[in-house]
Amino acid sequence: MGDYYIQGGRALEGEVQVQGAKNSVLPILAATILHPGTSVLKNCPRLRDVEASIQILRHLGCKARWEGDALIVDASAPERWDIPDHLMRSMRSSVIFLGAILSRFGRAELSMPGGCELGPRPIDLHLAALRQLGAVIDEGGGRLRCEAADLRGRELTLSMPSVGATENAVLAACGSRGTTTILNAAREPEIMDLENFLAAMGCRVHGGGSSTITVEGRQPTHDAVHTVMPDRIVAATYLAAAAAAGGDIVLRGVDYRHLSTVTAALHEAGCLVESGEDAIRLQRRGRLRAIRPVRTAPYPGFPTDAQAVLMAALLRSQGTTVFVENIFDSRYRHVDELCRLGADIRVEGRVAVVCGVERLQGAAMESTDLRGGAAMVVAALAAEGESRIGSTAHIRRGYEDILRDLRQLGAAAEER
Ligand code: UD1
C-alpha cells in the first residue's frame, strides 16, 4: 500500500460522483443477518471496513459477492453466532453485529471491540439497551457472551444519542416480541437509511431521523434491494478540498440537506455554495475568512467527522477560527501533522484555535486516523510544492479512492 503524493497549489475544477456512505452500509451489512434470504445493496462503497464486514459475514456462514457496485449477501444459512478476536479488531464498528446476531440467533459471542484512535470508545450504552430488551450479557475475559432467548420490546431511553447504540437497539428490537420505543435516539441520516433497508425487508421500524424510534418486533419477510445513501462526510471532504485549493467543483449524487452545517460554514468562510436536488456546487476565488466557532454536536449539529477537513480548509484563511470538539476526546491528532506544513494551530483540551497563515509549504505527514488523514490530503492541496502522506490505510477505511476523485477534479495526486 503506497503513500500519497500531492502537488499543491492547483485550483480544483470539474465534477465528481460521491460514493455510498460507510457509516450507513456498515450497520446495513450487519442487518443483512436478520433475513434468511438475499439482500442486494446497490451503491455499496468498496472500502476496507466493508471488506472487514464481509469477512465477518463469511465467518458467520453467509455468502457475499460483488456485482458491479452492488454487494449481494445471502444469509439463508448462517451457522455461527460468534465473532473471533481478530475479526473484531479489524474494524471498530464490528460491535454493531451484536444486536443483529442476537436478533437472529437469540445469542451472540464477541470479543470486546479493539482500542480506538479517537480515544476510549465505550460500548456501555449498547449493552444497557440490549439488557433492557432482556439480553443477559457476561463481560468476562475480554469476551462478551450474550444470551437472549426471549427478547421483549419495551420503552428504553439512551442516556446519550449514540449512533451505534441506537443501531444496535433497533436491530435487537426487530427480533424482540412486541413493540420497542427508543427515546433519545441518534438522529443521524444513516439511521434513516438503516430504517429504509429494514423496511425493504419487511421489518416495521418508524421514526428514523427523529429522536423517538418505534420498532414492532417482527422477522424480515422478504428479500431486499436497497441503494446505500451518499456519503455526506466524503462530500464534506471534497467541498473542503475545493475550499482549500480554490476553484469551482460540482458534487453529484449528494443530499444537500445532510450537509447544511458544513456548507453554511464554508459559505461563511467566503465560498459560493449552490445546492440542487442531488448536486452541490462550490466556488472559491479569493482568500477564505475565519468563521465563528465551530462546535461539533450530534446530528443535525456540525459533524465531528467533518471537523478535521474543515480545519484543513481554513489553515490559510484570514483571521482566527475556534473549534470545539464535543463528541470524542482525542480528535486533534491531525493537528501536529498539519503544523508540519506551516499551519498555526494551538490545542487545549477540547478546543483548537486556528490562526490563518499566508502560505503553507508541502511536507511529509503520517495519517493518524481516517478523517485526520483526509484532512492532511485537503491541506496538501493548499500547500506549495509536494506533500507526502503516509499510513494511508487509515484513509482507505472510508474513502473508496480519494486520489482518483481528486484527480478527476484536476488535482496533481498519485500513489507511490
Ligand atoms: C458513529 C460513526 C462515527 C461518528 C460518530 C459520531 C459509524 C460506523 N461511526 O460512531 O464516524 O464519528 O458516530 O457521529 O457510524 N459513547 C459512550 N458509550 C457508548 C457509546 C458511545 O460513552 O456505549 C460515547 C462515545 O465515546 C462518544 C459519543 O458517545 O464520545 C458518540 O459516540 P457514538 O455516537 O456512539 O459514535 P459511534 O456510533 O461509535
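This is a predicted model: local features need pLDDT of at least 70, side-chain atom pairs count only at pLDDT 80 or more; totals for chains, interfaces and linings use all residues.
A polar backbone atom of Leu125 is 2.7 Å from an oxygen atom of the ligand. Asn23 contributes through its side chain, with a polar atom 3.0 Å from a ligand oxygen atom.

## The shell around the ligand

The shell comprises 19 residues, of which Asp124, Leu125, Ser162, Asp305 and Ile327 come nearest to the ligand. By class, 8 of the shell residues are nonpolar, 6 are polar and 5 are charged.

Two helices, α5 (124–132) and α6 (163–174), each provide at least two residues of this shell. The largest share, 3 residues, belongs to α5.

The volume of the largest cavity is about 30 Å³.

The lining of the largest cavity is formed by Val170, Ile191, Leu194, Glu195, Val205, Gly208 and Ile213. In terms of class, 5 of these residues are nonpolar, 1 is polar and 1 is charged. Helix α7, spanning residues 189–200, gives the most to this lining, with 3 residues. Val170 is also one of the lining residues, and its position falls within α6 (163–174), a helix that supplies at least two residues of the ligand shell.

How values were computed
Residues are numbered from 1 along each chain as its sequence is written. Side-chain values use heavy atoms; hydrogens and water are left out. A residue is near a molecule or strand if one of its heavy atoms lies within 4 Å of it. A polar contact is a pair of N or O atoms within 3.5 Å; within protein, one must be able to donate a hydrogen and the other to accept it, and residues adjacent in sequence count only if both atoms are side-chain atoms. Helices (H or I, at least four residues) and strands (E, at least two) are DSSP runs, numbered from the N terminus. Ala, Val, Leu, Ile, Met, Phe, Trp, Tyr, Cys and Pro count as nonpolar, Asp, Glu, Lys and Arg as charged, and the others, Gly among them, as polar. On a 1 Å grid over the protein atoms alone, a cavity is a set of points where a 1.4 Å probe fits but cannot get out, and a pocket is an open set with protein on both sides within 12 Å along at least five of seven lines; lining residues have an atom within 4 Å of a point. Grid points are joined across faces, edges and corners, and a volume is the space filled by probe spheres set on the points.
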